[in-house]
Amino acid sequence: AGSGPFLLPVADGLVNSGAEIVALLDANSSKKWSSHLGVAFRNISKMKDGLRYLISLASQRIFLKGGYAVISVHAGDDGTLESVVIAKIDRHFNVIEGTQKSFTCDVVAVGWGFTPDLSIAQSLGLQQELGSDGSAVVSVDELQATNQSGIFAAGEVTGIGGADLSLTEGAIAGSAAAALVKKVDAAVTRKKLAELIKRREREREFARTIAIIYKVQDGWRSWLTDESIICRCEEVSLGSLKEAIHELGATNLRSAKLFCRVGMGACQGRICSRSAISIVVAENNSISTAQDHFSANNRPIFAPITLGQLAAGASDGL
């Protein structure tokens with residue numbers, strides 16, 4: 001469940017590994033592609049990939065249901081997953097009453113897209129901006145150069161767009177870097193770059209369209225209860241986060257962290273910060289700023305480590 005084209009290959013892979021899929025749900029509708037047929041035809045190979053997955057799943061009598069979402073998950077007495085409740089939702093992601101249905105299942109896999117990890121970029125002082133899907137990304141010019149001289153960025157850190165776009169951006173960055181140190185013929189490089197830039201624009205257009213079609217609408221917040229876990233690492237519930245906002249005066253993610261530890265766990269907000277920001281601004285009846293999202297990426301330590309690992313490092317020669 002969730003939304004986005006990645007649901008299909010995951011479901012297909014699970015089926016081919018012997019799993020029984022009891023429901024395959026996309027919160028958005030594939031009918032939205034009807035408004036973007038030009039983009040679809042210009043990226044026909046990607047559309048064929050999606051169709052191939054749909055046909056493969058259909059052969060197992062598994063059909064994608066658009067406009068449905070998992071709105072709650074329930075555990076048994078032993079704490080393990082027991083069932084989920086799904087519901088039909090409108091285009092704003094509000095639940096359509098009377099459509100709720102419970103499914104018994106062993107595993108629920110939910111994906112709402114991807115968020116790039118900008119930890120290293122932040123530490124290098126690279127300028128950021130908001131991408132087409134609302135994620136914080138590294139700002140680059142036409143040749144993938146950042147605001148720091150000699151540093152180029154390519155791939156998902158400059159915007160979620162898939163493997164093909166990442167490879168094209170990498171080729172542009174590599175060619176531009178090579179030209180910078182005069183390791184290649186300038187005329188050849190200009191011709192190659194012109195071709196790559198044209199290809200990149202087509203692939204970026206597809207990425208922007210994906211962001212539009214599979215956008216996560218604000219109605220998801222209406223599914224939550226005070227018991228809903230927002231930060232899994234620190235087990236911070238919506239009720240605790242709302243208390244930090246309304247009783248203690250948290251006005252942004254930073255102040256909410258201080259009051260209830262949301263985003264302070266092992267992942268350092270990589271998973272929950274975007275949702276937490278959305279909840280904080282909604283509860284304060286305000287609007288999130290670009291700086292809110294940039295600040296959430298400020299993690300000077302690239303990967304969390306324990307004090308034990310740090311202490312053991314001296315004897316390991318680290």
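This is a predicted model: local features need pLDDT of at least 70, side-chain atom pairs count only at pLDDT 80 or more; totals for chains, interfaces and linings use all residues.
Which residues make the nonpolar surface patch of about 360 Å²? Phe 6, Val 10, Leu 14 and Phe 114 make it, a patch being built from residues with over 30% relative accessible area and no salt bridge, with nonpolar side chains joined within 5 Å.

Residues are numbered from 1 along each chain as its sequence is written, and side-chain values use heavy atoms, with hydrogens and water left out.

Phe 114 lies in the loop between β5 and α4 (119-123), and at 45% relative accessibility Phe 114 counts as partly exposed, that is, between the limits for buried (under 20%) and exposed (over 50%), with a 1.4 Å probe and protein chains only.

Turning to the sheet, three strands form an open, antiparallel arrangement in the order β3-β4-β5, where strands (E, at least two residues) are DSSP runs numbered from the N terminus and two of them pair if DSSP finds at least two bridges between them. Because β3 (68-75) and β5 (101-104) each have a single partner strand, one side of each is left without a neighbour in the sheet. Strand β4 (residues 81-88) pairs with β5 over four bridges, and Ile 86 stands opposite Lys 101 in β5.

Lastly, the cysteines: the structure holds zero disulfides, taken as cysteine sulfur pairs within 2.5 Å. For Cys 231 the nearest cysteine sulfur, that of Cys 272, is 4.0 Å away, and Cys 231 is buried at 2% relative accessible area.

Terms used
Patches are made of residues with over 30% relative accessible area and no salt bridge: like charges are joined within 9 Å, nonpolar side chains (Val, Leu, Ile, Met, Phe, Trp, Tyr) within 5 Å. Accessible areas come from the Shrake-Rupley method with a 1.4 Å probe; for residues, only the protein chains shown count as cover. A salt bridge is a side-chain nitrogen of Lys or Arg within 4 Å of a carboxyl oxygen of Asp or Glu.
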